[in-house]
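Please consult the sequence and the model while reading.

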Amino acid sequence: MLGILKAGGAYVPLDPGYPSARLSFMLADAGVTLLLTEKQQRASFQDQNTRIICVDELAEQIAACDETDPQADIAPTTWPM
């Protein structure tokens, strides 16, 4: 969850046991465009109009990523007023 928040996203808890119509409503209502899940849960979200990424399929690539925080060269004066 921390990674999602640090990337500027939002965490929307979804129970794959919910009916498909309920999941569709929750995803549409929250404006979800990208869904992070596991391969075994993917079928619960197949009918959604959302890009699905299964983190367990990308485990090797994720493990190879740099763990340091990215540096951002911004200051309060760079934000539009």
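## Surface patch

Patches are made of residues with over 30% relative accessible area and no salt bridge, like charges being joined within 9 Å and nonpolar side chains (Val, Leu, Ile, Met, Phe, Trp, Tyr) within 5 Å. Accessible areas follow the Shrake-Rupley method with a 1.4 Å probe, and for residues only the protein chains shown count as cover. A salt bridge is a side-chain nitrogen of Lys or Arg within 4 Å of a carboxyl oxygen of Asp or Glu.

Leu34, Leu36, Val55, Leu58 and Ile62 make a nonpolar surface patch of about 390 Å². One of these residues, Leu58, is placed in the loop between β2 (51–54) and α3 (59–63). Leu58 counts as partly exposed because its relative accessibility is 31%; the class lies between buried, under 20% relative accessible area, and exposed, over 50% (1.4 Å probe, protein chains only).

## Basis of the model

This is a predicted model, in which local features need pLDDT of at least 70 and side-chain atom pairs count only at pLDDT 80 or more, while totals for chains, interfaces and linings use all residues. Residues are numbered from 1 along each chain as its sequence is written, and side-chain values use heavy atoms, with hydrogens and water left out.

## Secondary structure and helix α2

The protein has three helices and two strands, arranged along the sequence as α-α-β-β-α. Helices (H or I, at least four residues) and strands (E, at least two) are DSSP runs, numbered from the N terminus.

In helix α2 (residues 20–30), the buried residues are Leu23, Met26 and Leu27. They lie on the same side of α2, because they cover an arc of only 95° around the axis, the arc being that of the directions from the helix axis to the C-beta atoms. Exposed Ala21, Ala28 and Asp29 are carried by the face of α2 turned away from its buried side. Gly31, with a positive phi near 70°, follows α2.

## The loop at Gln46

Gln46 lies in the loop between β1 (34–37) and β2. With 46% relative accessibility, Gln46 counts as partly exposed. Gln46 and Ser20 are 26 residues apart in sequence, and their C-alpha atoms are 9.3 Å apart in space.

## Overall dimensions

The C-alpha trace spans about 45 × 35 × 15 Å along its principal axes. Of the 81 residues, 16% count as buried. The protein exposes about 6800 Å², of which carbon and sulfur atoms supply 55%.
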